[in-house]
Amino acid sequence: MADDKASAELHQEDAPVRRDSDGPPAGPTAAQDPAGDKPSAAAADRHVSIQSKLEGLELLVDLGGAGRKSCPLCPEEKFKACYSHKLRRHLQNLHWKVYVEFEGHRMCICHLPCRGPRPGPGSDQVPGRHGAHYHCVVCAVTIARKTDMVGHLKRHVNKGETEASYTGSCGATPDPPAATDQACEIMKELGTNVQLVPNHNTPLKSDTYFNRKMRNNRQLVFCSLAVLAEERHPLECLDAFGATGIAGLQWAKHLRGAVRVTITDISDSCMKMIKENCKLNHIRVEGAACGPEGDEDAVAVATVEVAKMDANVVMHLRPFDYIHLDPFGSAVNYLDAAFRNVRNLGIVSVTSTDTGSLYAKSPNVTLRHYGCHIVRTEYYRELAARVVLASVARAANRCNKGIEVLLAAALEHFVLVVVRVLRGPTQADESAKKLRRLVHCQWCEERLFLKLGNMVDDTLPCTCHGTLPGKTAVHLGPLWSGPLFNTGFLRRMLSAALRHNMTDILPLIKTLVAESECATLKSLVGGASTVECGVVIKTLQSEEEWAEHPGKRKTGEESGSVLKKLKAEAALEHPPFYYSIHRHSIRGMNMPKLNKFLQYLTEAGFRVSRTHFDPTGVRTDATLQQFKATLAKYSAPTCTSQAAQRP
């Protein structure tokens with residue numbers, strides 16, 4: 001108990017230090033101005049340990065006078081009074097040498113009893129012991145460690161709080177700095193303007209969080225919505241976590257009347273920011289009064305609904321055709337509400353950024369949030385996507401609905417899954433059958449999904465369990481064992497990206513198309529060919545060719561069952577998981593080039609493709625033994641090994 005109390009005391013950020021009779025010993029109570037003997041008006045509220053120069057610290061004591069003098073930053077029991085030359089060395093080597101600098105001010109270490117007695121290990125308090133600490137120049141809290149003070153100051157900077165924001169007040173609690181137009185940055189993405197506050201890249205400190213690296217995520221979500229808008233319109237779309245509103249504004253600005261966008265968030269600052277961004281893009285907020293000009297409706301290019309409401313509440317109240325969930329972290333708390341009111345054949349897109357749990361860095365959190373047991377593997381990114389899909393499928397099954405996976409991607413620091421909702425207990429049963437456990441060998445990385453049924457068969461193709469001591473296999477999951485891509489839907493996403501000039505996302509979608517086909521060096525569709533990552537992708541030159549392509553549903557088609565058409569879009573299921581060519585390389589042998597190795601596997605009769613999950617990964621239906629045999633066949637000995645074999 002005493003140790004916990006001591007640890008809490010070291011990391012606490014106390015209230016502003018009191019300067020009354022219970023404070024430090026008598027002496028100077030404000031930082032001296034080195035240019036004069038009087039303290040400046042801005043420094044009148046700072047602690048004596050905060051100085052701009054060493055001379056300011058020495059001015060706290062008359063070092064030129066005779067006699068013994070006490071240290072202004074140490075109690076008498078810690079440092080006894082001494083002569084000037086010894087006191088000067090003490091101030092330089094102990095207090096000034098370990099300062100923390102912030103905007104020209106240096107916070108020296110202080111040993112005064114500002115924090116109260118420091119608790120000892122054997123008792124609640126030890127009289128006479130006071131911990132060393134720093135006084136923050138911004139908010140006057142006391143922090144024990146130097147590294148903690150540096151992190152504390154960084155949080156002030158991320159909030160937009162600086163020392164100048166607080167020096168104008170005389171002891172009163174200052175209000176947070178108001179956001180002004182000068183403090184906001186205007187950023188343009190996909191033809192949509194959005195203003196950003198100075199702390200927009202700090203999600204824990206800013207409600208209006210904006211991440212520039214999520215551009216690919218937003219474009220993939222936009223393309224999936226554009227494909228759904230071709231099937232039926234107008235669509236009821238929900239951006240459940242608006243923040244700056246960039247995603248919903250892009251939908252409304254480019255798809256216009258085909259969508260009815262609703263942007264929600266629970267933060268007041270986010271609501272204000274979203275409405276300001278609507279004005280920047282000439283988008284009218286539904287239900288808002290016109291401005292003083294009176295002609296806002298005339299120039300408005302679209303209309304969106306902005307509501308201050310919790311995501312779970314709005315999804316329970318209203319049905320939607322398209323729901324996008326992108327919370328900070330895991331989205332499992334919102335899946336039940338999302339599938340409760342989503343319309344039949346609608347789409348739910350889920351973005352998860354809790355990579356610590358999905359990538360097996362925190363397996364206890366994975367078990368708590370997703371109900372899955374996983375370990376770190378060479379295919380950990382695809383494993384993360386299947387973990388998220390398993391949670392999505394279970395949430396849909398609880399509402400008597402099934403899912404069809406349209407897209408699953410793991411890029412940078414997020415996992416994105418896009419699923420179509422299929423209503424009915426039969427569809428729910430089909431989705432439930434695809435939740436299976438995985439047997440994984442921790443020695444050779446071989447893996448195999450267990451067969452459906454109650455009979456357990458955990459025999460892996462590898463022989464590690466018989467040749468190595470102990471057990472090498474573990475059970476992972478339950479995971480989604482079905483396909484991760486819908487080829488026809490991805491082709492239509494590629495068409496939508498071409499129409500909306502998303503040139504930077506085209507290579508990724510082409511790679512996803514080739515991965516869904518699990519094909520390389522062969523024609524996928526008619527048209528001109530381009531090479532992406534060693535895979536020949538046939539692209540169509542005009543919109544007429546895309547309309548005639550069998551993978552794209554015509555807007556006017558009304559004959560036949562819609563579900564049968566959607567199933568016709570899906571090609572042959574691609575093999576689950578992939579192998580990393582570097583993980584299975586042979587020591588002392590030079591591997592072939594990756595594109596050449598893909599060709600060798602194709603010539604051997606296997607389906608093969610690259611994967612976006614891993615730049616060195618190979619998706620193939622060959623077993624691990626066949627993969628290693630082909631790799632060993634076309635690997636050449638290194639020069640070092642050849643020289644060692646010579647007599």
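Mentor: Start with surface: accessible areas here come from the Shrake-Rupley method with a 1.4 Å probe. On that basis the protein chain exposes about 30,800 Å², and carbon and sulfur atoms supply 52% of it. Keep in mind that this is a predicted model.

Trainee: What share of the chain counts as buried?

Mentor: Buried residues make up 50% of the 647 residues in the protein chain. As for secondary structure, there are 22 helices and 25 strands.

Trainee: Why is R218 called buried?

Mentor: The cut-off for buried is under 20% relative accessible area. R218 has 10% relative accessibility, so R218 counts as buried. This arginine lies in helix 5 (residues 215-231). Its contacts, leaving aside neighbours within four places in sequence, are E189, F210, N211, R212, I246 and Q250.

Trainee: What makes the pair R218 and N211 a polar contact?

Mentor: The limit for an N or O pair is within 3.5 Å. The side chain of R218 reaches the backbone oxygen of N211 at 3.1 Å, so the pair passes on distance.

Trainee: And K146, why is that one called partly exposed?

Mentor: Partly exposed is the band between the buried cut-off, under 20%, and the exposed one, over 50%. K146 comes out at 40% relative accessibility, so the label is partly exposed. K146 lies in helix 4 (residues 146-159).

Trainee: How do you know which residues K146 touches, beyond those up to four places away in sequence?

Mentor: Contact means heavy atoms within 4.5 Å. By that test K146 touches V98, Y99, V100 and Y134, with residues up to four places away in sequence not counted. K146 and V98 are 48 residues apart in sequence, and their C-alpha atoms are 8.2 Å apart.

Trainee: What makes a group of residues a nonpolar core?

Mentor: The residues must be buried, of the nonpolar kinds, and joined through side-chain atoms within 4.5 Å. The largest such core has 109 residues, and M315, F339 and L407 have the most contacts inside it. Helix 13 (residues 380-398) gives the largest share, 12 residues. A second, separate core has 18 residues, including C462, L601, F627 and L631.

Trainee: Which residues does F339 touch, not counting those up to four places away in sequence?

Mentor: V348, V392, A395, A396, C399, K401, I403, V419 and V421. I403 turns up again in the sheet: its bridge partner in strand 15 is V421.

Trainee: Then how do you know that strands 14 and 15 pair?

Mentor: Pairing needs at least two bridges. Strand 14 and strand 15 (residues 414-423) are joined by 10, so they qualify, and they run antiparallel. Both belong to an open sheet of eight strands, in the order 10-11-9-8-12-13-15-14 with mixed pairing.

Trainee: Why are strands 10 and 14 called edge strands?

Mentor: Strand 10 (283-285) and strand 14 (401-411) each have a single partner strand, so one side of each has no neighbour in the sheet. Neighbouring strands of this sheet are turned by 20° against each other on average, direction ignored. Helix 7 (residues 268-280) lies across strands 9, 10 and 11, at about 170° to strand 11.

Methods: Residues numbered from 1 in each chain as written. Predicted model: local features only at pLDDT ≥ 70, side-chain atom pairs only at ≥ 80, totals over all residues. Heavy atoms only, no water. Buried < 20%, exposed > 50% of the residue type's maximum accessible area, 1.4 Å probe, protein only. Helix = DSSP H or I, 4+ residues; strand = E, 2+ residues; numbered from the N terminus. Polar contact = N/O pair within 3.5 Å; in protein donor to acceptor, adjacent residues only side chain to side chain. Axes fitted to C-alpha atoms, helices over the stretch in contact; angles between N-to-C directions.
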